[in-house]
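Please examine the sequence and the three-dimensional structure shown below. The paragraphs that follow lead through selected parts of it.

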Amino acid sequence: VSGAEGDHWTVRAGVCQYHSGATWPALSTLLRLKVADPEADAERLYTLAAAYRRLDRPESMEEQIRALGEKHPQSPWYEKALYLAGNTYRMAKDTPRSMEYYRMVYERFPQGEQAATTHWYVAWQAYRERRLADAKLLLDEQIRNYPASPQVPAALYWAGRLIEKEAPAEAAAYYRRLVEMFP
């Protein structure tokens, strides 16, 4: 098989190695590949980033993510890679770095698969850090931009709590909306 189909087949061989737990063979396969098809190359770079994450080599993971962003900035694989990095740093308790990657996900892919979730993480972190003006703005964005997301009930509640003392009537409006939308 040649051309784009061949590119996908060869990349998928490395992806299969990665998913079967053979991280080093996957790296070997994917690093030596030269593929012309943009989506196959994007998947290759994402899988390299994931392999380096598994090996606890964050610098190499970030290198692959940078390459993916430079070569294929609109690819869904780039969104997945940014989310992967955000999760990596979240698990490592490096909150500033994880928030940086999460913010990149929803800013670059506002309608993407992970946009609502990553936006929520950033909004909730602003609330936890008591950056109240940022938190209010982000919670309202969550409600407005991702109305079908599972985080909307929490965003309504915490937005109301933020303003409860200063603007009780406005807070009550958030709570009413919460009860109306999610009885």
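Does Gly6 count as buried or exposed? The model shown here is predicted, and in it Gly6 has a relative accessibility of 8%. A residue is called buried when its relative accessible area is under 20%, so Gly6 counts as buried. Gly6 belongs to helix α1, which covers residues 3-19. Its C-alpha atom is separated by 15 Å from that of Ala42, a residue 36 positions away along the chain.

Helix α1 may next be considered together with helix α3. The axes of these two helices come within 9 Å and cross at roughly 15 degrees. Angles under 35 degrees count as roughly parallel, and α1 is therefore roughly parallel to α3. The crossing of the two helices is left-handed. On the side of α1, the residues that meet α3 are Asp7, His8, Val11, Arg12, Val15 and Tyr18. Their partners in α3 are Glu39, Ala40, Glu43, Arg44, Thr47, Ala50, Ala51 and Arg54. Sorted by class, this contact contains 6 nonpolar, 2 polar and 6 charged residues.

The chain then passes from α3 to α4 through a loop, and Asp56 lies in that loop. Asp56 has a positive phi of about 60 degrees although it is not a glycine. With a relative accessibility of 65%, Asp56 counts as exposed, because the limit for that class is over 50%.

Helix α5 comprises residues 76-91. Its 16 residues should span 22 Å at 1.5 Å a residue, and the C-alpha atoms at its ends are 23 Å apart, which agrees. Of these 16 residues, 12 are buried, so α5 is largely enclosed by the rest of the structure. Among the buried residues are Trp77, Tyr78, Leu82, Leu84, Gly86 and Tyr89. Where do the buried residues of α5 pack? They pack against α3, α4, α6 and α7.

The loop between α5 and α6 holds Lys93. Like any residue in this account, Lys93 can be described by its backbone and by its accessibility. Its phi is positive, about 60 degrees, although Lys93 is not a glycine. Its relative accessibility is 71%, and Lys93 therefore counts as exposed.

Helix α6 spans residues 95-108 and helix α7 spans residues 115-128. How do these two helices meet, and at what angle do their axes cross? The axes come within 8 Å and cross at roughly 140 degrees. This angle makes α6 and α7 oblique to each other, and their crossing is left-handed. In α6, the residues in contact are Thr95, Met99, Tyr102, Arg103, Val105 and Tyr106. In α7, they are Ala115, Thr118, His119, Tyr121, Val122 and Gln125. The residues of this contact divide into 7 nonpolar, 4 polar and 1 charged.

Between α6 and α7 lies a loop that includes Gln111. At 74% relative accessibility, Gln111 counts as exposed. The C-alpha atoms of Gln111 and Tyr146 are separated by 9.0 Å, and the two residues are 35 residues apart along the chain.

Helix α7 has 14 residues and reaches 20 Å from its first C-alpha to its last, close to the 20 Å expected at 1.5 Å a residue. Of its 14 residues, 12 are buried, so α7 is largely enclosed by the rest of the structure. The buried residues include Ala116, Thr117, Trp120, Ala123, Ala126 and Tyr127. After α7 comes Arg130, whose phi is positive, near 60 degrees.

One further pairing joins two helices already described, α5 and α7. Their axes come within 11 Å and cross at roughly 35 degrees, and the crossing is left-handed. Glu79, Tyr83 and Arg90 in α5 meet Ala115, Thr117, Thr118 and Tyr121 in α7. By class, this contact has 3 nonpolar, 2 polar and 2 charged residues. Ala115, Thr118 and Tyr121 of α7 are in contact with α6 and also with α5.

Conventions. Residues are numbered from 1 along each chain as its sequence is written. This is a predicted model: local features need pLDDT of at least 70, side-chain atom pairs count only at pLDDT 80 or more; totals for chains, interfaces and linings use all residues. Side-chain values use heavy atoms; hydrogens and water are left out. Axes are lines fitted to C-alpha atoms, for helices over the stretch in contact, and angles run from 0 to 180 degrees between N-to-C directions. Helices (H or I, at least four residues) and strands (E, at least two) are DSSP runs, numbered from the N terminus. Angles under 35 degrees count as roughly parallel, over 145 as roughly antiparallel, 65 to 115 as roughly perpendicular and the rest as oblique. A crossing is left-handed if the near helix is turned anticlockwise from the far one by less than a right angle, and right-handed if clockwise. Contact means heavy atoms within 4.5 Å. Ala, Val, Leu, Ile, Met, Phe, Trp, Tyr, Cys and Pro count as nonpolar, Asp, Glu, Lys and Arg as charged, and the others, Gly among them, as polar. The expected span of a helix is 1.5 Å times one less than its number of residues. Buried means under 20% relative accessible area, exposed over 50%, partly exposed in between (1.4 Å probe, protein chains only).
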